Amino acid sequence: MKINNPAKAGSLESNDIFVMVFPNENGNEIELESIVIKQFGKRIREVIEETLKELNVENAKIIAKDRGALDYTIKARVETAIRRAM
Amino acid sequence: MENILGRVLPEYIEGYGEVKPFSGAFNNLGIKSKKQVSVKCVAPSDVKLVESIKEALIKCEIKDGMTVSFHHHLRNGDYVLNMVMDEIAKMGIKDIRVAASSIFPVHAPLVEHIKNGVVTGIYANYMSGPVAEAVSRGLLKYPAIMHTHGGRARAIESGDLKIDIAFIAAPTCDEYGNINGVYGPSACGSLGYAIPDAMYAGRVVAITDNLVAYPACPIEISQEYVDYIVKVDSIGDPKGIVSGTTKITKDPVGLKIAKMATEVIEASGLLKDGFSFQTGAGGISLAVAKYVRDVMKKNGIKGSFAAGGITGYIVDMFEEGLFEALFDVQCFDLKAVESYRRNVAHQGMSASLYGNPHNKGAVVNRLDVMILGATEIDVNFNVNVTTGSDGVIMGGSGGHSDTAAGSKLAIVVTKLLKGRLPIVVDKVTTVTTPGETVDVIVTERGIAVNPRRQDLLEKLKETNLPIMTIEELKKLAENMVGTPEKIEFDDKVVAVVEYRDGTVIDVVRKVKE
């Protein structure tokens, strides 16, 4: 899936995640900020990477600001942002 | 070594001394002695009013290594601590220990004093904001010592915490040192936390922005304890002193928890004539008060007293006749200040009367029900309200441990998750309050009863409430969020957490960068 234009999904509310997607050149790149980075940083990156893989996204830059979202929320926000960016 | 809760403690901590390990909530009672106090006598011709904070410091013979104390009734609006510490720094004094009953974000200038060696030690019952972060990062030379509200009074009375000069933020004061908190632009009501400081410090300085004609009645702290008085332009910002109206949570999850907690109280059999009650000012805690109020009205129950930091909501219950009296160590809003000024049965109490385990009986011992919060609670019911799950200091016991120990039924109310963080865990980051004093935890998804309270468990089983084990609660939370990675700590101890009796219940170590 090709990213054509910047797009976003989600919010900065507690338990949500704000995801921005931009076209990128050499592969996927994730910039993550989270209130639980120490406890769940790795897991959040994993979920974002898995979601990109499922959608066959290969060249995207993701900027994510997490406010304690659960895995399904992260997955939904990333997927929505990607579909809006196509 | 390990204490009875399995927390690993050093035997000796530089800047603290030998560690007496916590050995149980009621294991250190018996006969205790109070310290002797030296008094600088005042002759009839002496004048106590001095020109400036600097002059008061000189008269008190401030020098390197002293301990100065402050109280927190002006909360995040307090100017006094910063004014005094700036003056001490300007005089070139070093190595000061600051014994402040609580430290708030407004006290950020302390961080500079910590960095340049003016302040090398801190005693506090609660701290949040930049100072707490600086302590957590290990900037303070000696570890901070965290007390409970009752434990601080105990430490002052016993001499464990020796205060050289106490500074009293005085909303109203006369030139001979009589103080009250009910009048003046910075009126904050009860001055309960300042009373042990006034009674046991080597020197006592009142700092006021409302100097009135002698005598400043009604007197809360009297002239017999006060050495000097300083008049300044302002002791605090009223916006930071009172929180306006304290609001009940509107969050449906919080309300559900409050409703369930009220059903637990009803099922316990304690909610009857003569009922006594305390709750914090947090949204869920206050919502419990709302539902308790409804039940009391519906069933015509007449309570005995409500205690603690008093909010306008509790004043309403009192004025409706649901309680005979209020015990007040600190007013949380203007409505509480107004009631404290007007109502005879709105009784002030000192920190010692409130929660000191080593006196002839504190008010917490007379509490039926206490509503508590938690940052984390472990499967043994030990509660953390000192550090966040990231290991950084963001609070402290305050009255948490005192009321949990004293009350017949200590209920922790909390959401099962905060953000993505599970509240019920295998092992809390820091133990503030021991599990043996916590009876039940109420979350939106289930209620767990401490196995020590089989009597309560039997009663709750007869209700429709979702009773489960605390392990089951923990599992529920983990299934939703996954397992958090462990925070890594250095060996360096940045804070010593004392239980109310002065034994060490835990230490806070520096978080690895």
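Biologist: Let's start with B:N125. Is B:N125 buried or exposed?

Modeller: First, keep in mind that this is a predicted model. To judge burial, you count the other C-beta atoms within 10 Å, and 20 or more means buried. B:N125 has 30 of them, so it is buried.

Biologist: Where is the place of B:N125 in the fold?

Modeller: Look in the loop between strand 6 (119–124) and helix 4 of chain B. Leaving aside neighbours within four places in sequence, B:N125 has contacts that include B:S101, B:S102, B:H147, B:R152 and B:G398.

Biologist: How many residues does each chain bring to the contact between A and B?

Modeller: Chain A brings 13 residues and chain B brings 11 residues. Sort the chain A side by class and you get 5 nonpolar, 4 polar and 4 charged residues.

Biologist: Let's zoom out to chain B. How many helices and strands are there in chain B?

Modeller: Chain B has 15 helices and 29 strands. Along the principal axes, the C-alpha atoms of chain B fill a box of roughly 70 × 55 × 45 Å. Buried residues make up 56% of the 513 residues in chain B.

Biologist: And what are the domains of chain B?

Modeller: Chain B is divided into domain 1 (48–241) and domain 2 (252–487). Taken over C-alpha atoms, their centres are 29 Å apart. To see how the domains meet, count the residues on each side: 29 residues of domain 1 of chain B are in contact with 31 residues of domain 2 of chain B.

Biologist: Which helix of chain B gives the most to the domain 1 side?

Modeller: Helix 5 of chain B does, with 7 residues. The residues on that side of domain 1 divide into 13 nonpolar, 11 polar and 5 charged.

Biologist: How do I read a sheet? What is the strand order in the open sheet of 3 strands in chain B?

Modeller: The order is 20-19-24, with mixed pairing. Strand 20 (383–384) and strand 24 (424–425) of chain B stand at the edges with a single partner strand each, so one side of each has no neighbour in the sheet. Strand 19 (residues 376–378) and strand 20 of chain B pair in the antiparallel sense over 2 bridges. As for bridge partners, B:E376 goes with B:N384 in strand 20.

Biologist: Which way do strand 7 and strand 28 of chain B run?

Modeller: Strand 7 (residues 144–146) and strand 28 (residues 489–498) of chain B run parallel, joined by 3 bridges. There, B:I145 stands opposite B:V496. Strand 28 also pairs with strand 29 (residues 504–511) of chain B, in the antiparallel sense over 6 bridges. In strand 29, B:V507 is the bridge partner of B:V496. The hairpin of strands 28 and 29 of chain B has 5 residues between the strands, and B:G502 takes a positive phi near 95 degrees.

Biologist: Last one: which residues of helix 11 of chain B are buried?

Modeller: In helix 11 (residues 334–342) of chain B, the buried residues include B:K335, B:A336, B:V337, B:S339 and B:Y340. The elements they pack against include helix 10 (312–319) and strand 16 (323–331) of chain B.

Methods
Residues are numbered from 1 along each chain as its sequence is written. Chains are lettered from A and ligands numbered from 1 in the order in which they are written. This is a predicted model: local features need pLDDT of at least 70, side-chain atom pairs count only at pLDDT 80 or more; totals for chains, interfaces and linings use all residues. Two residues are in contact if their C-beta atoms, placed from the backbone, lie within 7 Å. Ala, Val, Leu, Ile, Met, Phe, Trp, Tyr, Cys and Pro count as nonpolar, Asp, Glu, Lys and Arg as charged, and the others, Gly among them, as polar. Two strands pair if DSSP finds at least two bridges between them. Helices (H or I, at least four residues) and strands (E, at least two) are DSSP runs, numbered from the N terminus. Domain bounds come from an automatic or database domain assignment. A residue is buried if 20 or more other C-beta atoms lie within 10 Å of its own, exposed if 12 or fewer, and partly exposed in between; C-beta atoms are placed from the backbone.
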